[in-house]
Amino acid sequence: MNKKRLRFKFYLLVYLLFIFSCLFSAFYAINQGTAITKFTTIFLVFTLMFSLINYLDSQVKIKRISASFVYSGVIASIYILSNTDFTQITRSGSELGNENSVGIILGISAVLCFYFILIEKRKVHLFFFPILFLVILLTGSRTALLFTLINIILFLYFTNQNNVLGKIKFITIGVTFTLISFYLVFNIPFLYDVMGSRIGNISTFIGEGSTTEGSINNRAYMVKFGLEMFRDNPLFGYGIDNYRYLLGESLIGRITYSHNNFIELLVGVGLVGTILFYLVQIIVIKDLYKASKHSNNKPLNFVFMVFIITYMVLSVSQIYYFSKHFSIILVIGAILGKMVDNLDFKKG
């Protein structure tokens, strides 16, 4: 409120258009109450984004909020470990919410922890990272594991792409970390039961087209069903968060979301809303990459750029269009994309 001039950039306008498409969809939605509730959630997330973009005006503040992600992730991980019964084979993390969502959030913490270790040389984070990564494995979330691995590998690539020694470093660390991860989940009995067997089921499904794991078969059906619904109403969809009711009509007693961000948006707000949502991310990625050529802290730009890229890549296995954590990452990425040095923004 004390600022003489509030920031409202182009990407926020595009995001606002996406929000209006969600509101518009409530008028023709199958279940209007659900659509209004989801619109309200998305609008509240937008107010968070608008507030942050007018507060975060330096790399110092951005690093502080990044460190907060790490510390909160470590605290959450310790809490989960303290409530995990290692005598029983079950996925951990349900104490704080859906295991997949918890795994993704801890993945954000782990990647930022990796940044502080590699770039900021913070030694204490060397103790934090194994705790975070262990709990990610214990959640049994394949998406969270992929999220963490892809982010770290892409981050290493972008920060080491301009010289031969850097590329060797990228290959060495990336391959070693991936091999260690898969060795752990396939050779430690408890980790195999909660994570390794689930990865094996995915491999079987890709290779043979079917598997004994019901959740994989159900998700495959959900994608096929969603594409069929999208073809019938491609432009504006059936109402935000209304995929679940279409699915309920197809599978009696099975009213749930699609577990796929592309499908959820295509069915909910059609091609128009889906393009607007992903256009925001493309704009921010473009700004981050351009700014990295002139930034005095390229790795900080890269870490948030690869966050957004990985979210987009993993749209096929998670829902994030109303995620608070993703909105914070998007805002930080947008701010860094407009910075030219440690404190100042590009004029205009």
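**Group meeting: an all-helix predicted model**

Buried means under 20% relative accessible area, exposed over 50%, and partly exposed in between, with a 1.4 Å probe and protein chains only. Cys22 is buried too, with a relative accessible area of 0%.

Some ground rules. This is a predicted model, where local features need pLDDT of at least 70, side-chain atom pairs count only at pLDDT 80 or more, and totals for chains, interfaces and linings use all residues. Residues are numbered from 1 along each chain as its sequence is written, and side-chain values use heavy atoms, leaving out hydrogens and water.

Back to cysteines. How many disulfides does a search of the whole structure find? Zero, taking a disulfide as a pair of cysteine sulfur atoms within 2.5 Å.

Now the whole chain. It has 13 helices and zero strands. Those are DSSP runs, numbered from the N terminus: helices are H or I, at least four residues, and strands are E, at least two. Of its 348 residues, 51% count as buried.

The axes of helix 6 (residues 142–159) and helix 7 (residues 164–187) come within 9 Å and cross at roughly 170 degrees. Axes are lines fitted to C-alpha atoms, for helices over the stretch in contact, and angles run from 0 to 180 degrees between N-to-C directions. So helix 6 is roughly antiparallel to helix 7. The cut-offs: under 35 degrees is roughly parallel, over 145 roughly antiparallel, 65 to 115 roughly perpendicular, the rest oblique.
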